[in-house]
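Student: I'm new to this one, could you walk me through it?
Tutor: Gladly; here it is, and then ask away.

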Amino acid sequence: MRLLGLDPGLRTTGWGVIDVMDNRLRWVADGTVCSDADLSLAERLAQLHRGILDVIAKHSPQAAAVEETFVNQNPSSTLKLGQARGAVLLAASLSGLAVAEYAPRLVKQSLVGTGRAAKDQVGMMVRQLLPGCVARQTDSTDALAVAICHAHHHGTAERIRAALERAS
């Protein structure tokens, strides 16, 4: 299965694509979609939406995983992040992808073992779990982390479902 991980942001949205074969992971690509700060909010959201649609068209994922909004102390920033997240979710959903969402703490815990892991720890684990991955931007590394988190959680859920079917 090919997965698209997304780390939404109004200024920069990170994306990462991995292939999942049983319990093996393979890095495919990663990058960022940036919006132009000189444009209106609506135009910036459209840029993000189009950028993610381009990534989906180029890499043909079967599913997407998106990081949930981290609520900070600035309500305006949180609202803008939520709007960027909406544009990204819409692009994935309208492309027919099943979309899963994960809290930042769960992503970190799934990769590093603690929900309070630093970004450099997450980046190190991403590169460890995806040989050949050279992600240099934290936004794309975070997106790959979301994809890895989904691979682990989705794989476990599928194994449980299959075991329950065999038992009945």
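Student: How do the residues of the lining of the largest pocket divide into nonpolar, polar and charged?
Tutor: This is a predicted model, where local features need pLDDT of at least 70 and side-chain atom pairs count only at pLDDT 80 or more, while totals for chains, interfaces and linings use all residues. Residues are numbered from 1 along each chain as its sequence is written, and side-chain values use heavy atoms, with hydrogens and water left out. The lining has nine nonpolar, seven polar and eleven charged residues, where Asp, Glu, Lys and Arg count as charged, Ala, Val, Leu, Ile, Met, Phe, Trp, Tyr, Cys and Pro as nonpolar, and the others, Gly among them, as polar.

Student: And which residues are the closest to the centre of that pocket?
Tutor: The volume of the largest pocket is about 670 Å³, and of its 27 lining residues the closest to the centre are Asp-7, Pro-8, Glu-67, Phe-70 and Leu-81. A pocket here is an open set of points on a 1 Å grid over the protein atoms alone where a 1.4 Å probe fits, with protein on both sides within 12 Å along at least five of seven lines, and lining residues have an atom within 4 Å of a point. The volume is the space filled by probe spheres set on the points, which are joined across faces, edges and corners.

Student: Switching topic, how many residues has the largest nonpolar core?
Tutor: There are 23, and a nonpolar core means buried Ala, Val, Leu, Ile, Met, Phe, Trp, Tyr and Cys residues joined through side-chain atoms within 4.5 Å. Buried is under 20% relative accessible area, exposed over 50%, and partly exposed in between, with a 1.4 Å probe and protein chains only.

Student: Which element gives the most to this core?
Tutor: Helix H5 (138-167) does, with seven residues; helices (H or I, at least four residues) and strands (E, at least two) are DSSP runs, numbered from the N terminus.

Student: What is Ile-148 in contact with, neighbours within four places aside?
Tutor: Ile-18, Leu-25, Leu-111, Val-126, Leu-129 and Leu-130, where contact means heavy atoms within 4.5 Å. A second, separate core of 22 residues includes Leu-10, Trp-15, Val-66 and Leu-97.

Student: One more: is Asp-22 buried or exposed?
Tutor: Asp-22 counts as exposed because its relative accessibility is 70%. Asp-22 lies in the loop between strand E2 (12-21) and strand E3 (24-34), and its phi is positive, near 55 degrees, in a residue other than glycine.
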